[in-house]
Amino acid sequence: MPIETARQIAWRRLDEPGFELFDFVQYRGGFLARGTVVTAADGGAAIVHEWRLDPRWRTESVTVRSTRDDGALTLERTEGGWKVDGNARPDLDGAAEPDLSLTPFCNTIAVARLSGFPDAAVEFDVAYIDGARMEVQLSRQRYERLGPRVVRYIDLGRCEGFEADLYLSEDDLVDRYGTLFARVQIEQIAGVAKRE
């Protein structure tokens, strides 16, 4: 698998102690991504999520593992819908993509749907993965482009009423997610880990 680009980035939580280290690799067949989220919420946990995406930014699979109760799940796209841990989940039919709580990476996948439409808005169903509970359910979201590097996220499903403005980098990765996440230098995360 010849690698074309490889990057590591980091986000820090703004509303509570926590951070994420994220590795992103592009190769000829698509993208591989791996994030490690460390959170102090609910007694603390580390959550690792691994993604395989095709060249069009469509998720092929995502696996999530947590140190909290050794929880784990795998969500896979099939020709007709989605499987969770190898079992068909017809209740997720129609979901365009997964959305994992605890990380702003999923918003990058959604923003890719706005590519080429400067004033666009898109609305679609997602397979929402609750990273704390290791549960998956259907939900609905809307994204509205407010400017060249600003997109508003509106939850129309599980967390209906929640909104956040997403500020994007030149590569469409999230630099800031409302009052929840901000992209930082890797060295800043190392300093946070030492202090906490």
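**The surface and the whole chain**

Begin with the surface display of this predicted model. The accessible surface of the protein chain amounts to about 9800 Å², and carbon and sulfur atoms contribute 47% of that area.

Next, switch to the cartoon display. The protein chain contains 2 helices and 15 strands. Its radius of gyration is 16 Å, close to the 16 Å given by the globule rule for 196 residues, so the chain is as compact as a globular protein of that length. Turn to the C-alpha trace: along its principal axes it spans about 45 × 45 × 40 Å.

Colour the residues by burial. Of the 196 residues in the protein chain, 44% are buried. Then display contacts with a separation of 6 or more: 41% of them link residues 24 or more positions apart.

Now select the charged residues. The protein chain carries 25 positive and 34 negative charges. How many Å apart are the mean positions of these positive and negative charges? They lie 3 Å apart.

Select residues 18-27, which form strand β2. Is this strand mostly covered or mostly uncovered? Strand β2 is mostly covered, with 7 of its 10 residues buried.

A hairpin of 2 residues joins β2 to β3.

Finally, select F22 and look across to β3, where G35 stands opposite.

Note on methods
Residues numbered from 1 in each chain as written. Predicted model: local features only at pLDDT ≥ 70, side-chain atom pairs only at ≥ 80, totals over all residues. Heavy atoms only, no water. Helix = DSSP H or I, 4+ residues; strand = E, 2+ residues; numbered from the N terminus. Rg over C-alpha atoms; globule rule 2.2 N^0.38 Å. Buried < 20%, exposed > 50% of the residue type's maximum accessible area, 1.4 Å probe, protein only. Contact = heavy atoms within 4.5 Å. Areas by Shrake-Rupley, 256 points an atom, 1.4 Å probe, with all protein chains shown as cover. Lys, Arg positive; Asp, Glu negative; His and termini not counted. Charge placed at Lys NZ, Arg CZ, Asp CG, Glu CD. Pairing = 2+ DSSP bridges.
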